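This report is written for a reader who is meeting the structure for the first time. Please keep the sequence and the model at hand while reading.

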Amino acid sequence: MSIKTNEETFEVDVLNSEKPVVVDFYADWCGPCRALAPTLDTISDENSDVVVAKVNIEENNDLANKYGVRSLPTLVFFKDGKPAGILVGLQSKDTILSKLEELK
């Protein structure tokens, strides 16, 4: 399940999720972010035990700052409401799935 989240809904969507969450911090103008989007959509579609959440940093700069986002795209992995890993830059599906496996 892929969702868009923001500063108002982040706590419910991510921090209170019973499933591991991958948060994709992105911007519309970011080429690597656009290249990563289909991979994340596929992961979301194929893995019902994971939530993929997207945060537009231009609209949610406080969230980006809170989680130390300095480059795009940045994937922050959450488990039990806490950050549990990070990947920066364009990543392969296998790399993302491997990181998710570590959270299970």
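## Surroundings of Lys-54

Leaving aside neighbours within four places in sequence, Lys-54 is in contact with Ser-2, Ile-3, Lys-4, Thr-5, Asp-24, Tyr-26, Ala-37, Leu-40 and Asp-41. The model is a predicted one, and in it Lys-54 belongs to strand S3, which covers residues 51-56. Lys-54 counts as buried because its relative accessible area is 13%, and the limit for that class is under 20%.

One of the contacts of Lys-54, Asp-24, is also its partner in a salt bridge, with 2.9 Å from N to O. This pair connects distant parts of the chain, since Asp-24 lies in strand S2 and Lys-54 in strand S3, 30 residues apart. Both Asp-24 and Lys-54 are buried.

## The other salt bridges

The whole structure holds three salt bridges. In general, side chains of opposite charge can pair when their charged atoms come close.

Glu-46 and Lys-93 form a salt bridge through their side chains, at 2.7 Å from N to O. Here too, distant parts of the chain are linked: Glu-46 is in helix H2 (residues 31-46) and Lys-93 in helix H4 (residues 93-103), 47 residues apart. Lys-93 is classed as partly exposed because its relative accessible area is 29%, a value between the limits of 20% and 50%.

A further salt bridge joins the side chains of Lys-99 and Glu-102, at 3.8 Å from N to O. Both residues lie in helix H4, and because they are three residues apart, about one helical turn separates them. Glu-102 counts as exposed because its relative accessibility is 57%, and exposed residues are those over 50%.

## The disulfide and Cys-30

How many disulfides does a search of the whole structure find? The search finds one. Cys-30 and Cys-33 form this link, with their sulfur atoms 2.4 Å apart. The link is right-handed, with 80° about the S-S bond.

Cys-30 is placed in the loop between S2 and H2. Both Cys-30 and Cys-33 are buried; Cys-30 falls in this class because its relative accessibility is 4%. When residues up to four places away in sequence are not counted, Cys-30 touches Leu-72 and Pro-73. Cys-30 and Pro-73 are 43 residues apart in sequence, while their C-alpha atoms are 7.7 Å apart in space.

In soluble globular proteins, nonpolar side chains tend to be buried together. The largest nonpolar core of this model has 20 residues, and those with the most contacts inside it are Phe-10, Val-14, Val-21, Val-23, Phe-25, Leu-72 and Phe-78. At least two residues of this core come from each of helix H1 (10-15), strand S2 (21-26), S3, helix H3 (61-66) and strand S4 (74-79). S2 supplies the largest share, four residues.

Val-21, one of the residues with the most contacts inside this core, is in contact with Asp-13, Val-14, Val-51, Ala-53, Val-76, Phe-77 and Phe-78, leaving aside neighbours within four places in sequence. Apart from this core lies another, of twelve residues, among them Val-22, Leu-40, Leu-75 and Leu-87. Leu-40 has already been named as one of the contacts of Lys-54.

Terms used:
Residues numbered from 1 in each chain as written. Predicted model: local features only at pLDDT ≥ 70, side-chain atom pairs only at ≥ 80, totals over all residues. Heavy atoms only, no water. Buried < 20%, exposed > 50% of the residue type's maximum accessible area, 1.4 Å probe, protein only. Contact = heavy atoms within 4.5 Å. Disulfide = S-S within 2.5 Å. Core = buried A, V, L, I, M, F, W, Y, C linked by side-chain atoms within 4.5 Å. Salt bridge = Lys/Arg side-chain N within 4 Å of Asp/Glu carboxyl O.
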